[in-house]
Amino acid sequence: LEILVTILNENDNNPQFEQSNLTRVIWEDTEVNATIVAREDLSATDADLDIIYYELTTTVQGTDGYFAIKGVNNPEIYLKKALDYDKFQLTTLLLYARDRPVTSPDPTKTATATITIIIEQTDTRAPWFLPCAFLHNDTSVCISSPYSGTVNISKMAVEPLILRPGPIYAIDPDYTINEKIMYSIVGGNTDEVFSVDADTGNITMNKIVTSPDSFLLQVMAAQVNNIRKYSIATVEIKVINESLCPPHFEKRLYNGTVFVGLAPRSFVFQAGDPSTPLMITAVDEDFPDV
């Protein structure tokens, strides 16, 4: 008697990843849609020969939406939107492999792979002049204020000019790279009166100024390794008469009189002369006619 026996496959095996832990290091400027982890590194197998269904999640808050898989049956991980090193430098993804669709009512066996993604900063930003303030709490944009200073007419300054709100200084905001910055004057330097130190940013005088007209210099800070990454700051230099004498009060002591019950912002009167408001005056010998 010949008996034909058919063995039915029972779902008694979990899917298996060849590697359950993977790490990838990628650059901040990786192009959107680029493959981060190849399909062959993530494909799971099932001894029951079931079709594998994949799902990708993230475990780090604030990193949702940056990475995705190509399809429910294709575990290849790709970059879905542009990265920003200032927002996060590392995330952990969980890739689930199931032998049934997520919505299936049948018992499902699952395997999990952990993928660690490390972000490396790249040279993507132009220099920032300091001090600066972030634009609407966006740490990727920092707006600096104009610089200003003064020089005396017909007098040569031998030291670097003192500027406000501080000396000219720029940094590479890609701080893990920190490329060297060089400075140059690219506009407003009438008659080449001023020069800037390429390394320090200090502005000095080449010759005296004989006109009272102000200067509005444009100073460029550029990366030494890539001059196309640059920023421009304005420096207003006002030409003034030299001040040799400090101002001083005309009297060492002033006496005044007030009356009880006066309204706020009422005059204080001179002592002994209740009809004349008290006036405190100062003079400066540099400006005798003022």
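Domain bounds, as used in these legends, come from an automatic or database domain assignment. The model is predicted, so local features are described at pLDDT of at least 70 and side-chain atom pairs at pLDDT 80 or more, whereas totals for chains, interfaces and linings use all residues. Residues are numbered from 1 along each chain as its sequence is written, and side-chain values use heavy atoms, with hydrogens and water left out.

View 1. The assignment gives domain 1 (16-120), domain 2 (128-240) and domain 3 (246-289), and the C-alpha centres of domain 1 and domain 2 lie 48 Å apart. Taken along the principal axes, the C-alpha atoms fill a box of roughly 140 × 60 × 20 Å. The radius of gyration, taken over C-alpha atoms, is 36 Å, while a compact globule of 290 residues would have a value near 19 Å (the globule rule is 2.2 Å times the number of residues to the power 0.38). The protein has one helix and 24 strands, where helices (H or I, at least four residues) and strands (E, at least two) are DSSP runs numbered from the N terminus.

**View 2. The spans annotated as Cadherin in the UniProt record.** The unreviewed UniProt entry carries the annotation "domain: Cadherin" for residues 18-129 and 145-249; positions are given in the numbering used here, feature names are shortened, and such annotations may be inferred rather than shown by experiment. Residues 18-129 are 4% helix and 46% strand, with end C-alpha atoms 50 Å apart. Residues 145-249 are 0% helix and 45% strand, and their end C-alpha atoms are 35 Å apart.

**View 3. Arg125 in the loop between strand 9 (110-120) and strand 10 (128-129).** Arg125 counts as buried, at 11% relative accessibility (buried means under 20% relative accessible area, exposed over 50%, and partly exposed in between, with a 1.4 Å probe and protein chains only). The side chains of Arg125 and Asp86 are joined by a polar contact of 2.6 Å, a term for a pair of N or O atoms within 3.5 Å in which, within protein, one must be able to donate a hydrogen and the other to accept it, and residues adjacent in sequence count only if both atoms are side-chain atoms. Leaving aside neighbours within four places in sequence, the residues in contact with Arg125 include Asp84, Thr139, Asp172 and Gln223, where contact means heavy atoms within 4.5 Å.

**View 4. Strand 18 (residues 215-223) and its antiparallel partners, strand 15 and strand 19.** Seven of the nine residues of strand 18 are buried. Two strands pair if DSSP finds at least two bridges between them; six bridges join strand 15 (residues 181-187) to strand 18, and nine join strand 18 to strand 19. Ile181 stands opposite Gln223 in strand 18, and Val219 stands opposite Ala233 in strand 19. A hairpin leads from strand 18 to strand 19 through two residues.

**View 5. An open sheet of three strands, in the order 21-22-23 with antiparallel pairing.** Strand 21 (256-257) and strand 23 (273-277) stand at the edges with a single partner strand each, so one side of each is left without a neighbour in the sheet. Two bridges join strand 22 (residues 269-270) to strand 23, and the bridge partner of Phe269 in strand 23 is Pro277.

**View 6. Pro246 in the loop between strand 19 (226-240) and strand 20 (248-249).** Pro246 is exposed, with a relative accessible area of 61%. Although Pro246 and Glu285 are 39 residues apart along the chain, their C-alpha atoms are separated by 8.0 Å.
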